[in-house]
Amino acid sequence: MTLSDPRRLHDLLGLPVVTVDGRTLGHVNDVRLAPGPALHGLRSELLVDGLVVADRHAGSLLGYDRRAEKGPWLVRVAVRFLHRRGGYAPWSAVHSVEWGDGGHVVLAIDRLDDRDATLT
Amino acid sequence: MMGEYVAGRRYDAALHLLDRQIVDPDGRLVAKVDELELADRPDGRLVVTALLTGPGALGPRVGGRIGHWIVAIWRRLRIEPDPMPGRIDVADVVSIDSAVHVGRRRRALEVDGLERWMHYNVVSRIPGAGHDPE
């Protein structure tokens, strides 16, 4: 299978996420990966499943924003409050990506999924 | 063989992969995951193609003046005229837990750039370095 020129994860992390009509939804906080169908024997390839979007440049905050059961509760509550406008955008909802400095991710949807940001 | 990634498990790239230790089949520490290499497939899906290691991958990630200096010093300490970061193909990854486990031994992965620089510039210049130990 022919692939594009290589890119780097950090070309994508931090990019603004906008709707097709230009409304900013947040920034790419993390990139969710999921194993695809097995390729080489038992091994699978790792596909990008979607984007974890946060409404501020707060980093991953040690995963407290993505594990509902993770404590201590005070930190969990505080982090989830800070990330209350964040959410998840499946890769199928990505309309286009402009990579690098000044780039952005355009979504074909106008609302993030606030449940799928939490890892299961 | 440890097998494939955990079935049905999803991983957040920065949270679960970046800065994790890479371990070879003998339990030897190989490197840290400093960056991930991605590529677009013709069907529009984005796929992880490799783990990148070493200052050549970390510097651009850090960015700014410090990142620039990390890369500049790393280039100065490499033998090759146009060095590239250590690269481990994602097909070599056999499982991911608190570490990233690979199926090839550390020496075969050839991501030990500083060790090679030390051998070329320091160890090989010590008198007697070319002889086998008695």
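**Chain folds and a helix pair in chain B**

Of the 134 residues in chain B of this predicted model, 31% are buried. The chain contains five helices and eight strands, and reading from the N terminus, its elements follow the order β-α-β-β-β-β-α-α-β-β-β-α-α. Contacts in chain B between residues at least 6 apart in sequence include 49% that join residues at least 24 apart.

Chain A can be described in the same terms. It has 120 residues, and 32% of them count as buried. Two helices and seven strands make up its elements, which run β-α-β-β-β-α-β-β-β from the N terminus on. Among the contacts of chain A with a separation of 6 or more, 54% are between residues 24 or more positions apart.

Leaving aside residues up to four places away in sequence, A:Val17 touches A:Leu25, A:Gly26, A:His27 and A:Val28, together with A:Leu51, A:Val53, A:Ala89, A:Val105 and A:Leu107.

Two packed helices are described by the angle between their axes and the distance between the axes. For helix α2 (residues 55-62) and helix α3 (residues 64-76) of chain B, the axes come within 7 Å and cross at roughly 165°. Because angles over 145 degrees count as roughly antiparallel, α2(B) is roughly antiparallel to α3(B). The crossing of these two helices, α2(B) and α3(B), is left-handed.

On the α2(B) side, the residues that meet α3(B) are B:Pro55, B:Gly56, B:Leu58, B:Gly59, B:Pro60 and B:Val62. Their counterparts in α3(B) are B:Gly64, B:Ile66, B:Gly67, B:His68, B:Ile70, B:Val71 and B:Trp74. Sorted by class, this contact of α2(B) with α3(B) consists of eight nonpolar and five polar residues, with no charged residues.

Helix α2(B) also has partners beyond α3(B). Its buried residues are B:Pro55, B:Gly56, B:Ala57 and B:Gly59, and the buried residues of α2(B) pack against β4 (35-40) and β5 (46-53) as well as α3 of chain B. After α2(B) comes B:Gly63, which has a positive phi near 75°.

Positive phi values are found in residues other than glycine too. One such residue is B:Asp19, with a phi of about 70°. B:Asp19 lies in the loop between α1 (13-17) and β2 (21-23) of chain B, and with 10 other C-beta atoms within 10 Å, this residue is exposed. Another case is B:Glu110, whose phi is positive and near 55°. The loop that holds B:Glu110 is located between α4 (106-109) and α5 (113-121) of chain B. B:Glu110 has 12 C-beta neighbours inside 10 Å, so it counts as exposed.

Methods:
Residues are numbered from 1 along each chain as its sequence is written. Chains are lettered from A and ligands numbered from 1 in the order in which they are written. This is a predicted model: local features need pLDDT of at least 70, side-chain atom pairs count only at pLDDT 80 or more; totals for chains, interfaces and linings use all residues. Axes are lines fitted to C-alpha atoms, for helices over the stretch in contact, and angles run from 0 to 180 degrees between N-to-C directions. Helices (H or I, at least four residues) and strands (E, at least two) are DSSP runs, numbered from the N terminus. Angles under 35 degrees count as roughly parallel, over 145 as roughly antiparallel, 65 to 115 as roughly perpendicular and the rest as oblique. A crossing is left-handed if the near helix is turned anticlockwise from the far one by less than a right angle, and right-handed if clockwise. Two residues are in contact if their C-beta atoms, placed from the backbone, lie within 7 Å. Ala, Val, Leu, Ile, Met, Phe, Trp, Tyr, Cys and Pro count as nonpolar, Asp, Glu, Lys and Arg as charged, and the others, Gly among them, as polar. A residue is buried if 20 or more other C-beta atoms lie within 10 Å of its own, exposed if 12 or fewer, and partly exposed in between; C-beta atoms are placed from the backbone.
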